[in-house]
Amino acid sequence: MFDAPRELVYRAFTDPDHLAAWWGPVGNSLPRDEIEFDVRPGGYQRWTEVNAADPGLRVRIHVDLTDVADGELLAGVMHVGGRLQDGIEPFETRLRLEFHDQADGRTRLVIRQWLPDHLANPSEEGWRQAFTKLDATLTDVQARS
């Protein structure tokens, strides 16, 4: 649940400037010049995540979008490669993000990600940390409006 309208939460995932402000675990960053989006069915999202503690760890993410409904749905296949943490090999996963209005002006985000068991816990922790950053970013954007 996010204390922001659905359109704003959706934009956080589909606007390169917004994604650069919050994606990834705490301390990691996305170089803005390494983000490319073509958000439509058959389009893509590409970016690089840089690890704060070890800038040599550069995770390259490429999402082949299969389903896009403006403000409501992003789905596709996420390819994760580059120089990853020890013990994690490049992988791909199906990803589905559904954005739902709530009666109180908030947004419920439903994420489905199909991962091997050994990646489930690290992925869950990564989302948790990223959503802490997203909450702060959404608050900032709304305060400036």
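**Strand pairing and helix packing**

Tutor: In β5, phenylalanine 91 has valine 80 opposite it. The model is predicted, with residues numbered from 1 along each chain as its sequence is written, and local features need pLDDT of at least 70. Side-chain atom pairs count only at pLDDT 80 or more, totals for chains, interfaces and linings use all residues, and side-chain values use heavy atoms, without hydrogens and water.

Student: What makes β4 and β5 a pair?

Tutor: Eight bridges link β4 (residues 73–82) and β5 in the antiparallel sense. Pairing takes at least two bridges found by DSSP, so these strands pair.

Student: How many bridges join β5 to β6?

Tutor: Seven, between residues 91–101 of β5 and 107–113 of β6, which run antiparallel.

Student: Why are β1 and β6 called edge strands?

Tutor: The open, antiparallel sheet has the order β1-β2-β3-β4-β5-β6. β1 (36–38) and β6 each pair on one side only. Neighbouring strands are turned by 25 degrees on average, direction ignored.

Student: Why is α1 described as largely enclosed?

Tutor: Seven of the nine residues of α1 (residues 6–14) are buried, so the rest of the structure largely encloses this helix. Among the buried residues are Arg6, Tyr10 and Phe13; buried means under 20% relative accessible area (1.4 Å probe, protein chains only).

Student: Which strands does α1 lie across?

Tutor: α1 lies across β1, β2 (44–50), β3 (58–69), β4, β5 and β6, at about 160 degrees to β5. Helix α3 (residues 117–144) also packs on the sheet, touching β5 and β6, at about 155 degrees to β6. Contact means heavy atoms within 4.5 Å, and angles run from 0 to 180 degrees between N-to-C directions.

Terms used. Helix = DSSP H or I, 4+ residues; strand = E, 2+ residues; numbered from the N terminus. Buried < 20%, exposed > 50% of the residue type's maximum accessible area, 1.4 Å probe, protein only.
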